[in-house]
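Subject: Structure for you to look at

Hello,

Here is the structure I said I would pass on. Please open it beside this email and follow along as you read.

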Amino acid sequence: MRNELRPLLVMTLVLTVIPGLVYPFAVIIVAQLVFPTQANGSLIERNGQIIGSALMGQAFTGEKYFHPRPSAAGGGYDALASGGSNLGPTSAELMERVRTKAKQLHAQNLRAALVPVDLFTASASGLNPHVSPQDAAFQSLRVARVRDLSESQVREFARIASEGRTFGTFGEPKINVLKLNLALDNVSPQ
């Protein structure tokens, strides 16, 4: 019996230590050496205070700020309740939500143009930190007016903050809302 138990205990110990301890610590060490900013959450600091992460959306509601996509995560941008609304294209509730949000966006942004779709639809996670360049262009007049800047100045900030496709191929161009709002605050704090 002892001869049968010994290999079982050794294998249990080996398979607990290697995938349970060695591998996770190796991943942590490599991540800290190769990608330290990302491994620590891509945190953004201002005046020594952590104010957010470049990887997670935040709610901005003030008129002087670019607004992110709506969030379906909990009460809004709740990382503990990440997820979409799961409402489908035939959902009456979704259609009413879209109509209401589109009217609100038209009124806030003083635009007769069509509202870009991702300004009134939540992302799958509900925590997307980016908007499309079209979203930024749609909101630029409101932000410029409140900050007492020209719309072309605000659009230039958005152009500078624009990130291309991942690896030049994947996804669409995007703008990190937190970084754009911080850049505008540095020029026009109002």
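Below is what was found, going from the whole chain down to single residues.

Please keep in mind that this is a predicted model.

Overall layout

The protein chain contains six helices and five strands. Read from the N terminus, their order is α-α-β-β-α-β-α-α-β-β-α.

Along the principal axes, the C-alpha atoms fill a box of roughly 80 × 45 × 30 Å.

As for burial, 32% of the 190 residues count as buried. The accessible surface is about 12,000 Å², and carbon and sulfur atoms make up 63% of that surface. Among contacts with a separation of 6 or more, 59% are between residues 24 or more positions apart.

The cores

Which residues touch the most other members of the largest nonpolar core? They are Phe66, Val154, Ile175, Leu180 and Leu184, out of 18 residues in that core.

Leaving aside residues up to four places away in sequence, Leu180 touches Phe66, Phe157, Ala158, Ala161 and Ile175.

There is also a second, separate core, made of eight residues. Val98, Leu105, Val115 and Leu119 are among them.

Most residues other than glycine have a negative phi.

Where are they? Asp148 sits in the loop between α4 and α5. Phe167 sits in the loop between β4 (162-163) and β5 (174-176).

Are these two residues buried or exposed? Asp148 has a relative accessible area of 65%, so it counts as exposed. Phe167 has a relative accessible area of 74%, so it is exposed as well.

Neighbours along the chain and in space

Arg147 is part of helix α4. Is Arg147 buried or exposed? Its relative accessible area is 1%, and the cut-off for buried is under 20%, so Arg147 is buried. Arg147 and Glu63 are 84 residues apart along the chain, while their C-alpha atoms are separated by 9.0 Å.

A last pair to look at is Lys103 and Arg165. They are 62 residues apart in sequence, and 31 Å lie between them in space, C-alpha to C-alpha. Lys103 belongs to helix α3 (residues 92-109). With a relative accessible area of 64%, Lys103 is exposed.

That is the end of the list.

Regards

Notes:
Residues are numbered from 1 along each chain as its sequence is written. This is a predicted model: local features need pLDDT of at least 70, side-chain atom pairs count only at pLDDT 80 or more; totals for chains, interfaces and linings use all residues. Side-chain values use heavy atoms; hydrogens and water are left out. Helices (H or I, at least four residues) and strands (E, at least two) are DSSP runs, numbered from the N terminus. Buried means under 20% relative accessible area, exposed over 50%, partly exposed in between (1.4 Å probe, protein chains only). Contact means heavy atoms within 4.5 Å. Accessible areas come from the Shrake-Rupley method with a 1.4 Å probe; for residues, only the protein chains shown count as cover. A nonpolar core is a set of buried Ala, Val, Leu, Ile, Met, Phe, Trp, Tyr and Cys residues joined through side-chain atoms within 4.5 Å.
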